[in-house]
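Hi,

Here is the structure I promised to pass on. Have a look first, and my notes follow below.

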Amino acid sequence: MRIKIIRIVFVISFIIIIAGLFYVQAIRGQYYYDLSVNNRIRIVHLEGWRGNIKDRNGKVLVDNRISYDVMITPQEIKNIKDLFEFLSKALNVDKEELIDTYRRNKFAPFAPVIVAKDIDRMKAIVIEENKYLYPSLFVQESYKRIYPFDKIGAHVLGYVDKVNRAKIERFKEYGYSFRSTMGYSGVEEYYDSYLKGQEGGLQIEVNSQGKQVRLLSIKEPTKGQDITLTIDNDLQLISAQLLEDKNGVIIVMDNENGEVLSMVSSPSYDPNIFSDSKKRKKMSMLFSDVNSPLLNRAVSGVFPPGSVFKAVVAVSGLASKKITMQTTFDCEGFYELGGIRFGCTHVHGIQNLVQSLAHSCNVYYYNLGLLVGADRINQVARSLGLGEPTHIDLPFEKAGYVPSRRQSILFGKRKWYTGDTLNFSIGQGDTLTSPIQFVKMMATIVNDGNEVQPHVIKLIGSLPVDTYSIKRDVKIDKSIFIEVKKGLRAAVSEYSGTAHILDIEGLYVAGKTGTAQSSRNKEHHAWFIGNVISKRKNLSFCVFLEHGGSSQNSTLIARQLLLLMQKEELL
Amino acid sequence: MRRDLEKRIWLYTIAIISIGLVALYSASFQNVRVPLTIFYDQLLCVGVGLVLMYFLGKTDYRKFYDIAYLFYALNVILLFAVLIGGRNALGARRWIEIAGISFQPSELTKLALILMLGRYFSNRRPSLSFGVFNKMQVVFRGLIIPFLLTAVSMFLIFKQPDLGTSLLMFGIFFIMLFVSGLEYSYIFGFLALCLSVVPFAWGILRSYQKDRLLVFLNPNIDPLGAGYTIIQSKIAMGSGRIFGKGWLGGTQNQLNFLPERHTDFIFSVIGEEWGIVGALVLVFFYFLLINCGLNIANQVKDKFGMYVAVGIVSILALQVVINIGMVMGLFPIVGLTLPFASYGRSSFLVFIIMMGFLLNLSKRRTIF
């Protein structure tokens, strides 16, 4: 019967298992017993290097250096007092402090504990020389990330730190362990999987003196890939210098392909703090600083747009065919609605579209906004990329917000009034935009409706990353942009234009200023979004000063930026 | 004689559970990684389980005949639910939470599959095949349909991903198919066909599953990662030698060298602390229990009962052999528990329920 056959198969399987037990435990028992008693097998981890990060000219922005850590294997300790006395002398550190670190980090007798990180090379040699006296002691080499330019461009680069518990669970399958370091924020995070090296290690058999008896096996660590950015470090230095002591953002982007040449968010931080154990104490200061230096304002900061938004309203006016270039509105210095006066900066008189952009006349846009309607403005703003992330290759990008009547009615607490449309038309109210969104929008206008994808990656290893270089048509008539550009140019070229100081010899500059009201008792935000064309370059740029007062301040910095770029032959 | 068989099932089950608890206590003794609470957790489970087993022994197993298909269908739905919304642990979705209790539906599937196949095969008449059409019909009804039914849960479990349990399902199916009396030429033709698919299946495995299989062939290719467990487990087993290092004396165990020692690798703890003597005693009890089950399968009068008994016995035998084989490095590490000994509520309770069925079968084996 078949059950009988199955019984026989089961019996045979059990005999095999029993034979296996005999082999492993009785015959090879002594061998395994020796392994377990002498224990013996120790694992030495070899860290993989992270790839370097370079700027577009090949200058190294992020590098590695070797650091020496002192480790103790608990089960090898003979005399704990002697050991720490020696260590304390050799390292010139308080003995109690060393013992304290040791106790805190110890978790298993065989697992080496780090007692001192990143010691001098000379001290490392002294310890290695005395190793025969203290078999439990050894010095391990590891790699530390260094950022030679400290604060410059920290937000683009990011920093590295040990993998935290939450991330380990998520990334375990991708080869991360609790020993790994991982990129946090910036390119270090976004391109972590390319930068990261493969961890390796040695499995060695050691005797009771801690000496290696035999190398059982080895797995070579590997270096991660180098990454080349579109960033120009010389330009970064200029931008960072201009924003010294200010809170703000400078972005410069190539209109041809969306390559970000410079992105500086101020205040910045020193990423070395996270990888250098001596500087780590400053870390908590970073997290508690009221100016949030860790925040990359260029992509993660969203602010009211102010008058910069008028460019959007101008496009929507022409796109909806409610106005032509010849349509004019009369500015008497205010617009009256239901007994409330909505003000303007000056009495501008009769304005057409070009003049209104040049002078940033509120009244023109109150009229235009009412004519076009909030729905249409919202639609155009969205197709110009506002209210949604630009998908730049940096983490934590914010989408910003473009209010709409429908949302306000459906989800909001209140009705949408005509006054809301007025505020909306001049970039006040609930609208929030990030600097990178405006740079992208400016490029779209300059490119006559062809949207580029902002990005900071140029090469991975030696392979160009060209997936970002695709242009997308925003489906707004080309001629509209040509008209709007005239207005943006007039703001610079006209004597009465709001950004006339940017009229620099040898350069074509156009743009839009913006002074955005923020919370009641703080200074306004100052914007300048511009386009500069020289013989060699066609760039969009943004100068944003958080609570920087009037837009004159940001325009002034834009002037300095362009002059310095001209001087350094970056244009 | 009848009472005798029942008593023996009780005796062997309790003996195995006790040895498991002793080992589990040692595995979690004064340890941070594996806290002692899991021991008490398992103890509670044993208490509940034995009561459950007693009552199942009194319930007529033929009641389960009626709900076998429904039960299996519900199980498939649960497996779906796990894939969609299950709890993620150690890189796999295996747990699901219902009414605050989390369990692994894949464990329950073992039982559901046995009942489903039992009912299906017991309804099939062993028909002699004459003519091509008839032959096709025999193959279709006797092999393809039950295989497809099994394959649904195999696939869902594989997706979790849990290769071990998925292959175990195939093992159960194959043994029950074998017993169903289908002609040998079909059975082995089918097996040959399945084996020929294996090289192609390599491509759909997860990278860690490939790692484990490669490491099984040569543990030294990844001594720090996947190979670590096999090497350490072998050292633990081997270093126990004849009489072991004594209870709570296993250094591999106590010093945290053994990963997952409270679940899949509990047998290494037994091997290290009680030596080959302890290991053989446990293996012997398993064998006696399986032998009892086979005797019941032989004697039971109705076909459904016979299939259920065969199914239960084969799952027990497969898991014991594979688990012990894997801790000794004879098989790749596929994550199957050691019945009654490994920590884990779902696994433990499902095996207890199976023993309840065996009790019941032995009680009614002479009743027609």
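**What I found**

Chain A comes to 22 helices and 23 strands (DSSP runs, H or I of at least four residues for helices and E of at least two for strands, numbered from the N terminus). Before you go further: this is a predicted model, where local features need pLDDT of at least 70, side-chain atom pairs count only at pLDDT 80 or more, and totals for chains, interfaces and linings use all residues. Residues are numbered from 1 along each chain as its sequence is written, while chains are lettered from A and ligands numbered from 1 in the order in which they are written.

Of the 571 residues in chain A, 44% are buried (20 or more other C-beta atoms within 10 Å of the residue's own; exposed is 12 or fewer, partly exposed is in between, and C-beta atoms are placed from the backbone).

Chain B has 13 helices and 3 strands, and 49% of its 368 residues are buried.

One helix in chain B is worth a look: α2(B), residues 37-58. Its 22 residues reach 32 Å from first C-alpha to last, close to the 32 Å expected at 1.5 Å a residue (that is, 1.5 Å times one less than the number of residues). Which residues of α2(B) are buried? They are Gln42(B), Gly49(B), Met53(B) and Gly57(B). Seen down the axis of α2(B), these buried residues fall within an arc of 55°, so they line one face of the helix (the arc is that of the directions from the helix axis to the C-beta atoms). On the other side of α2(B), the exposed residues include Thr37(B), Tyr40(B), Leu44(B) and Lys58(B).

Cheers
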